[in-house]
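Me: I would like to go through this model and ask, for each description, what it rests on. Please set each value against its criterion before concluding.

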Amino acid sequence: MDENNLVKMTLTVNGEEVSMMAKGGRRLLDFLRDDLHLTGSKEGCGEGECGSCTVLLDGHSVLSCLTPMERAIGRSVVTIEGVGSPTNLHPVQAALLDEGGVQCGMCTPGMVISAIDLLQRNPDPTVEEIIEGISGNLCRCTGYKKIIFGIQHAAEELRSSGRTGMVKEATR
Amino acid sequence: MKLRGIGVGAMMYGLGYGYARPDFSATDIELAPDGTVTIWNGASELGQGLTTLLCQLVAQELGIPYEDTFIISADTGRTPDAGPVSASRSTYVQGNSAIKACRDLKGPLSELAGELLKVDPDRLIYKDGLVQDQEDPNRSISFHNLAGEMHKRGRRVRGSGYHNITTADVDPETSQGDAYASYAWASQLAEVEVDTEMGLVTVLRLASATDAGKAINPKMVEGQIEGGAVQGLGFALMEEMKVEQGEFKNAKLSTYLIPTAADVPMVEPLIVEVFDPTGPYGAKGVAEPATIPTAPTIFNAITNATGKRVRSTPASPERVLRLLGKLEEEEEETQLTFEDMPYPEP
């Protein structure tokens, strides 16, 4: 770290190598949004309560507002931008749309990432396990029901096609 | 001990602003040469589905596929003033203005279609992508071709709609009068479990019946009902703004708790459709109506379970334990009870 507090950020973001000098000592969320302009991850509360900044770090969900950016050096980050595309949605995204589990969209990026994290660990979750899996993600609009059903349908869809929730596999 | 109880709550709600407060919306639409239609409306999409709804209404009114409609929403440089998105007024006011814009555009459309088909323009109907003579369906022109002809001949291809539901004020002396343009109704039913040791209230089941007038998009109405009930549940059991000297003491999600997926039951939505002749295709607003009855419903269920009545929101564990006599009474601000309210002489 030099006197300007610059750090070399070398990591993989959404499957692409990133290597750049960046102002250090910030949160991973700031690095993703301000430096890489990946504004899909939202800052809801900034104190780890709402889950809307959730990203995958080496395949596991973390709250990017509580993660120092330096912790991502040498590792792999997946944000909502790296999960499916408008023409090739991840089954979780498609199911949330079909079911009506999206309203204002503030929680949706974090909710999708948490659901993917859950389905990677547990491809056949019960309703209770889904509720537990997303209990760290606040939603003010939907009442959660359509999100829970959406995740359930995405799990069925993935199992019936023999895929896991892994981003690369699910959007193949 | 765990006690169970059932409660019912109901409400009526005046849609829009009422009381002579300005309440209007404007929408413009424009027909492209390929038969697609662009809608300009100044109301903000908040996630409730307003843009979807306006496209649905325009598609229905012009008899064209939903995919052929596009919307430019809440662009202050280009969209006409549609008023705010609040007071559960969007479907009702903005929807009506979009329908009026379509009917305005149908004037020149029907005129040209009448000329081309040699039919009285008043006999033309718009459906399935066709403009056809309702008495002789074989005399028709596709909406797509008609749009092209409109442009070739330089006919007017824009339509504007303005809808105003500003009501008269009530009598200043008696407060009597019809304050709102329309009213919505809703009722809810809940079963709760009260843990008398912990003071914790769990809502086991919650059903919500909301009068939508006409559910233009049933899935979106369900979304409003389910989300509204969960917000109401938070109001009933968890949410309390603490204000001291005008300053919020708990303006954080770690201190102002709202329901998580683990705090709520699967809300059972019930859409009631009582046609409202003043609404777009009979529809009216459902947003706030779906939120309002929840707290009284849950409070009634708590009373049914414990025989005691919570007088202020939220019914937090502390308050419930105090109610059950398990915590010492704390000096609480005196709450007006219903029995204390002066009842107006008829």
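Reply: Two residues are taken to be in contact if their C-beta atoms, placed from the backbone, lie within 7 Å. The model is a predicted one, and by that criterion the contact takes 21 residues from chain A and 21 residues from chain B. On the side of chain B that touches chain A, the residues divide into 10 nonpolar, seven polar and four charged.

Me: What makes α5 of chain B a largely enclosed helix?

Reply: A residue is buried if 20 or more other C-beta atoms lie within 10 Å of its own; 10 of the 13 residues of α5(B) are buried, and the helix is therefore largely enclosed by the rest of the structure. Among the buried residues are P296(B), I298(B), F299(B) and I302(B), and the buried residues of α5(B) pack against β1, β9, β10 and α4 of chain B. Just after α5(B), G307(B) takes a positive phi of about 75 degrees.

Me: Why is the crossing of α1(B) and α2(B) called right-handed?

Reply: A crossing is called right-handed if the near helix is turned clockwise from the far one by less than a right angle, and α1(B) passes α2(B) in that sense. The axes of α1(B) (residues 50–62) and α2(B) (residues 90–117) come within 9 Å and cross at roughly 35 degrees. The contact includes L50(B), L54(B) and L57(B) of α1(B) and A98(B), I99(B) and C102(B) of α2(B); its residues divide into nine nonpolar, four polar and one charged.

Me: What makes β2 and β4 the edge strands of the sheet in chain A?

Reply: Two strands pair if DSSP finds at least two bridges between them, and β2 (16–23) and β4 (60–63) of chain A each pair on one side only. The five strands form an open sheet of mixed pairing, in the order β2-β1-β5-β3-β4. Strands β1(A) and β2(A) pair in the antiparallel sense over eight bridges, with V7(A) standing opposite A22(A).

Definitions and conventions:
Residues are numbered from 1 along each chain as its sequence is written. Chains are lettered from A and ligands numbered from 1 in the order in which they are written. This is a predicted model: local features need pLDDT of at least 70, side-chain atom pairs count only at pLDDT 80 or more; totals for chains, interfaces and linings use all residues. Ala, Val, Leu, Ile, Met, Phe, Trp, Tyr, Cys and Pro count as nonpolar, Asp, Glu, Lys and Arg as charged, and the others, Gly among them, as polar. Axes are lines fitted to C-alpha atoms, for helices over the stretch in contact, and angles run from 0 to 180 degrees between N-to-C directions. Helices (H or I, at least four residues) and strands (E, at least two) are DSSP runs, numbered from the N terminus. A residue is buried if 20 or more other C-beta atoms lie within 10 Å of its own, exposed if 12 or fewer, and partly exposed in between; C-beta atoms are placed from the backbone.
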